[in-house]
Amino acid sequence: MIPILYQDDALLIVDKPANLLTTPGRGEDKQDCLISRLLINYPNARIIHRLDMATSGIVVLALTHAAQVAMGHLFEQRRIEKTYIAVVDGKLSEIEGEINKPLICDWENRPIQKVCFDSGKPALTTYECLVYDSHHHTTRVKLKPKTGRSHQLRVHMLALGHPILGDYFYAPEPILKKSKRLLLHASKIEFEHPVSKQPVVIESVVPF
């Protein structure tokens, strides 16, 4: 059962579990996904944005065509603020800061992304350290993507020298083994409701 965080006539906001696709992939074994499960009870639901399969947390869906278009515009105009919580390897040298590194797909190793200052698309993430765990040498961080590139948070933390624990694409083997899942969760989303024009603030409890 997919937890429902918010619902009205226009929007459905849910809490996606880790290791579940947002939309179907290629092949019969990749048809089970968030949208296929939700369509059973919400036949008009339409995905507005996606989370990586390994990432858990907030996903917003539209229940009408008008809401889908309006929310799409908000995402395009970067008028939606998203907050993620992650646990990364090591202790960051700065308590807070920003990572401004352009990203591009590594075509020979898709879906891997990489930093590329020559032809990458602009990508900006701000970070804030929350707690350092000296026993495990890990840090819990708050991440806010200001752009929406594929794997942005994962690659930016790698580029900073602090891969996210359990990241099977980007973490070296010892860091990968520190967690059975990717420790990245979409914990909060804020935007103006496309119909009522009232502020919407939705939060999800971090499961790690």
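I take buried to mean under 20% relative accessible area, exposed to mean over 50%, and partly exposed to mean in between. The model is a predicted one.

Entry on helix H3. I listed the buried residues of H3 and found Gln152, Leu153, Arg154, Val155, His156 and Met157. That makes six of the eight residues, so I noted H3 as largely enclosed by the rest of the structure. I then checked what comes after the helix: H3 is followed by Gly161, which has a positive phi, near 95°.

Entry on the loop. Between helix H3 (152-159) and helix H4 (173-176) there is a loop, and I located Tyr168 in this loop. Is Tyr168 buried or partly exposed? Its relative accessible area is 43%, so I recorded Tyr168 as partly exposed. I also found Tyr168 in a nonpolar surface patch with Met53 and Phe169. Together the three residues have about 270 Å² of accessible area.

Entry on strand S5. I looked up burial for residues 81-89, which make up S5, and eight of the nine are buried. I therefore noted S5, too, as largely enclosed by the rest of the structure.

Entry on pairing. Which strands does S5 pair with? I found antiparallel pairing with strand S11 (residues 184-192) over six bridges. In that pair, Thr83 stands opposite Lys188 of S11. S5 also pairs with strand S10 (residues 138-145), again in the antiparallel sense and over six bridges. There I noted Lys142 of S10 as the bridge partner of Ile85.

Technical notes: Residues are numbered from 1 along each chain as its sequence is written. This is a predicted model: local features need pLDDT of at least 70, side-chain atom pairs count only at pLDDT 80 or more; totals for chains, interfaces and linings use all residues. Side-chain values use heavy atoms; hydrogens and water are left out. Patches are made of residues with over 30% relative accessible area and no salt bridge: like charges are joined within 9 Å, nonpolar side chains (Val, Leu, Ile, Met, Phe, Trp, Tyr) within 5 Å. Accessible areas come from the Shrake-Rupley method with a 1.4 Å probe; for residues, only the protein chains shown count as cover. A salt bridge is a side-chain nitrogen of Lys or Arg within 4 Å of a carboxyl oxygen of Asp or Glu. Helices (H or I, at least four residues) and strands (E, at least two) are DSSP runs, numbered from the N terminus. Buried means under 20% relative accessible area, exposed over 50%, partly exposed in between (1.4 Å probe, protein chains only). Two strands pair if DSSP finds at least two bridges between them.
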